[in-house]
Amino acid sequence: GQGPGDWFGSKEQDPCRGLSIPVGPGQTLDLRGIFPPLATPFSPTQEVDYAQLEGNLRRYANIPFRGLVVLGSNGEYPYLAPRERLEVVSCVHQALPRDRLLLAGSGCESTQATIELTVSMAEAGADVALVVTPCYYRGAMTNAALVQHYTEVADASPIPVVLYSVPANTGLDLPLEAVLTLAQHPNIVGIKDSGGDITRMGLMVHKTRQEDFQVLAGSAAGSMGCCPGGTGASGGVCALANVLGAPLCQLDRLCREGNWQEARDLQHRLIEPNTAVTRRFGIPGLKKAMEWFGYYGGPCRAPLAPLSPPQVEELRGAFSANGWL
């Protein structure tokens with residue numbers, strides 16, 4: 001496998017990258033902070049709308065995010081053609097301030113396809129590959145099979161790899177035992193865990209503390225994975241950050257400063273909106289809420305259906321009852 005020095009070295013030699021990332025063995029990517037999992041904007045005819053994507057990115061550039069996640073579950077990744085996936089990453093890379101990290105989803109069902117897409121994502125400008133668990137043949141995805149898959153991907157990847165477990169969508173929880181084995185790989189730098197089990201996340205943080213390995217809390221389970229203080233997680237990939245990015249970055253800062261009372265008050269006001277755009281109404285809800293805060297949301301790709309008028313009212317209530325609208 002590649003050592004950390006290899007991939008930082010290659011990155012450092014490419015003058016186009018300009019990333020402020022420390023170089024040299026023993027130093028790792030810093031994933032502390034908030035990452036919005038970007039929604040992919042579609043036109044009324046359900047084509048990817050790159051102009052609206054750039055418009056949203058201009059607004060996100062003013063919020064102190066650590067970086068962006070592109071082509072996660074909230075990006076309607078399974079509905080994009082391979083060509084569109086690369087174009088989206090390329091578009092985001094060109095618009096992203098150079099001190100922000102770009103994490104891009106590159107997981108496919110087969111190991112071979114995952115390696116090919118990961119290499120292409122790196123060429124398109126991704127800093128980190130976010131690799132979701134293969135799950136179609138769920139019964140065959142044993143600990144050994146998953147360790148083998150991720151090891152081969154990480155060996156072949158020119159960029160660092162972050163494991164991605166999202167059982168709400170895949171029906172598969174990446175076993176803790178596999179995570180601990182994979183954490184020892186020099187090119188596997190962390191996990192995005194969207195299972196919402198904070199005991200498991202705390203255990204992961206504790207048991208990988210000797211490794212260069214960081215735990216990102218995902219929001220698919222509707223958990224407020226955005227206050228790392230509770231679990232010791234490095235950062236949060238929070239769907240709500242597409243809508244309320246500044247308050248979430250403020251929450252993250254309050255947690256880091258140990259300002260618990262203020263953090264708790266803010267967190268309580270974010271729980272209902274967060275649940276509404278994740279577990280309750282999903283991506284159609286997320287995109288609708290984005291419109292109320294000056295972003296482009298637009299339609300989802302079929303078969304994801306828009307919200308009904310009563311659902312829109314319930315969604316609006318989650319925001320207005322907490323003083324956001």
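## Terms and overall make-up

Helices (H or I, at least four residues) and strands (E, at least two) are DSSP runs, numbered from the N terminus. By that definition the protein chain has 12 helices and eight strands. The structure is a predicted model, in which local features need pLDDT of at least 70 and side-chain atom pairs count only at pLDDT 80 or more, while totals for chains, interfaces and linings use all residues. Residues are numbered from 1 along each chain as its sequence is written, and side-chain values use heavy atoms, with hydrogens and water left out.

Two further terms return throughout this report. A residue is called buried when its relative accessible area is under 20%, exposed when it is over 50%, and partly exposed in between (1.4 Å probe, protein chains only), and buried residues make up 55% of the 325 residues in the protein chain. A contact means heavy atoms within 4.5 Å; among contacts between residues at least 6 apart in sequence, 74% join residues at least 24 apart.

## The annotated active site

In an unreviewed UniProt entry, the annotation "active site" covers Tyr 164 and Lys 192. These residues span 29 residues in sequence, yet no two of their C-alpha atoms are more than 4.8 Å apart, so they gather at one spot. Both Tyr 164 and Lys 192 belong to the lining of the largest pocket. UniProt positions are given in the numbering used here, feature names are shortened, and annotations may be inferred rather than shown by experiment. As for the pocket, the search uses a 1 Å grid over the protein atoms alone: a cavity is a set of points where a 1.4 Å probe fits but cannot get out, whereas a pocket is an open set with protein on both sides within 12 Å along at least five of seven lines, and lining residues have an atom within 4 Å of a point.

Tyr 164 sits in strand 5 (residues 161-165), and it counts as buried because its relative accessibility is 5%. Leaving aside neighbours within four places in sequence, its contacts include Gly 72, Ser 73, Thr 133, Tyr 150 and Lys 192. Lys 192, for its part, is found in strand 6 (residues 188-193) and is likewise buried, with a relative accessible area of 3%. Beyond the neighbours within four places in sequence, Lys 192 is in contact with residues including Leu 130, Tyr 164, Leu 216 and Val 237.

Val 237 is part of strand 8 (residues 235-237) and counts as buried at 1% relative accessibility. With neighbours within four places in sequence set aside, Val 237 is in contact with Phe 35, Pro 37, Val 69, Lys 192, Leu 216, Ala 217, Gly 218 and Ser 219.

Leu 31 lies in the loop between helix 1 (4-13) and strand 1 (33-35), and its relative accessible area of 0% makes it buried. The C-alpha atoms of Leu 31 and Val 215 are separated by 8.5 Å, although the two residues are 184 residues apart along the chain. Not counting residues up to four places away in sequence, Leu 31 touches several residues, among them Arg 66, Leu 101, Val 162 and Leu 216.

## Two crossing helices

The axes of helix 11 (residues 282-292) and helix 12 (residues 309-320) come within 11 Å and cross at roughly 60°; here axes are lines fitted to C-alpha atoms, for helices over the stretch in contact, and angles run from 0 to 180 degrees between N-to-C directions. That makes helix 11 oblique to helix 12, since angles under 35 degrees count as roughly parallel, over 145 as roughly antiparallel, 65 to 115 as roughly perpendicular and the rest as oblique. The crossing is right-handed, a term used if the near helix is turned clockwise from the far one by less than a right angle, and left-handed if anticlockwise. Gly 285, Lys 288, Ala 289 and Trp 292 of helix 11 make the contact with Val 312, Leu 315, Arg 316 and Phe 319 of helix 12.

## Backbone details

In the loop between helix 11 and helix 12 lies Pro 303, which is joined to Ala 302 by a cis peptide bond with omega of about 10°. Leu 71, a residue other than glycine, has a positive phi near 65°; Leu 71 is in the loop between strand 2 (67-70) and helix 3 (82-95) and is buried, with a relative accessible area of 3%. Glu 76 also has a positive phi, of about 55°, although it is not a glycine. Glu 76 lies in the loop between strand 2 and helix 3 and counts as buried at 2% relative accessibility.
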